[in-house]
Amino acid sequence: MAVQLTEFSNSLPQTDDFRSIVLNQTPLIDVRAPVEFNQGAFASATNLPLMNDEERQKVGLCYKQHGNAAAVKLGHQLVNESVREPRIQAWSEFMDQHPDAMLYCFRGGMRSKISQQWLADSGREIVRLKGGYKAFRRYLIDYLDAFPALMQQQNIQPLVLAGRTGSGKTLVIQRIQQAVDLEGLAHHRGSAFGRHATPQPTQINFENQLSMALIRFMENAKHQLVIEDEARNIGSVSMPKPLFDALKSGDRIIVDTPLEQRIHITHQEYVIEAQQEYPHLQDWVNFMLSAFDRIQKRLGGERHQRVLKQFEHAHEQQLNSGDTHGHQTWIETLLSEYYDPMYDYQMQKNSHKVTFQGNMDEVVQFIDSI
């Protein structure tokens, strides 16, 4: 039986206004196969594939062996009318929920055009991204590359929020408008104990999200860009070096928080909130033990054993009573004996000017005033 190929209209709408998509956080339908989506996508995209991984693999093999025409024909055979209908239905339901949705495939070519045409044939019009994922990704990478020069042109001053571990730098970042939350984008708390229970984004997705965050920042026309004092690598992802150097070149603002309050902040974030991420308490315990092992050499043998005993005692206390406050003992040891000396050493090496120092509220007020 002859395969009915898709006939295309000449009036299918396209756009390459990627800046508008970023600013409006336009919902996107990604019709690529799941394996492609998992390698890299956009924050506002939902994967509703035209072809699943197996179908895509068969069509790709056919393309290599027999050429484009044969591959298109096979694709139509695999995604026949009965297979097609629920996929069109899924796209339509997404459009019902998101009337401004757009659609893309890898290069803005055959797959997104077919999906767009099938929707048009069912009475639904949707815009597809010209050049697809590849063009949008290129736009975002070019923006990251251009951002250091853009900061100079727009006279944007980078400011680096420093402070001892547990001083509440992330809490400050979350309270101010002219900041980009690098740890939030990286889905990592930026330390040996900073991994979340759920995975970090891929390097590609981190770059995409970072670029989008910077585009939105520039739209707000602020003259200071505040970031937390991070290393270039945040867990498994990293910033492009020219961008990292530009962001870290600014003056320092130091969050000065008493040790007792730092213990409380660290306990809240790394114990109470972290435990809630794991399905079982033992999963969190296993993660913490592996984190202690990762810094064993830097802690030194005696201190490592002492911290482990404090942790085990706190865990046993929590099991018996449900009270987590025992964990504050090992937190205090790590802060005062490990993280604080490391911070003091780094600050001695740092030649950047300190433009302000104060508690969290004072830092927020200072940043809001400039």
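The model is predicted, so local features need pLDDT of at least 70 and side-chain atom pairs count only at pLDDT 80 or more, while totals for chains, interfaces and linings use all residues. Residues are numbered from 1 along each chain as its sequence is written, and side-chain values use heavy atoms, with hydrogens and water left out.

**Helices α3 and α4**

- Two packed helices are described by the angle between their axes and the distance between the axes.
- Helix α3 covers residues 53-66 and helix α4 covers residues 68-78; helices here are DSSP runs (H or I, at least four residues), strands are E runs of at least two, and both are numbered from the N terminus.
- The two axes come within 7 Å and cross at roughly 155 degrees, where axes are lines fitted to C-alpha atoms over the stretch in contact and angles run from 0 to 180 degrees between N-to-C directions.
- α3 and α4 are therefore roughly antiparallel to each other (the term applies to angles over 145 degrees).
- On the α3 side, E55, K58, V59, C62, Y63 and H66 make the contact, and they meet N68, A70, A71, L74, G75 and L78 of α4 (contact means heavy atoms within 4.5 Å).
- The residues of this contact divide into seven nonpolar, three polar and two charged (Ala, Val, Leu, Ile, Met, Phe, Trp, Tyr, Cys and Pro count as nonpolar, Asp, Glu, Lys and Arg as charged, and the others, Gly among them, as polar).

**Aromatic rings**

- Across the whole structure, a search finds 17 aromatic pairs (rings of Phe, Tyr and Trp, its six-membered ring, with centres within 6.5 Å; planes under 30 degrees apart count as stacked, over 60 as edge-to-face and the rest as tilted).
- F356 and F366 form a stacked pair, with 4.3 Å centre to centre and 5 degrees between the planes.
- This pair links F356 in strand β11 (residues 354-358) with F366 in helix α17 (residues 360-369), 10 residues apart.
- F356 is partly exposed, at a relative accessible area of 23% (buried means under 20%, exposed over 50%, partly exposed in between, with a 1.4 Å probe and protein chains only).
- One aromatic cluster is formed by F18, F42, Y104, F106, Y133, F136 and Y139.

**Positive phi values**

- Most residues other than glycine have a negative phi.
- N155 is not a glycine, yet has a positive phi of about 55 degrees.
- N155 sits in the loop between α7 (132-153) and β6 (157-163), and N155 is exposed, at 61% relative accessible area.
- H187 also has a positive phi, near 50 degrees.
- H187 lies in the loop between α9 (182-186) and α10 (203-219), and H187 counts as partly exposed at 25% relative accessibility.

Definitions and conventions
Parallel < 35°, antiparallel > 145°, perpendicular 65-115°, else oblique.
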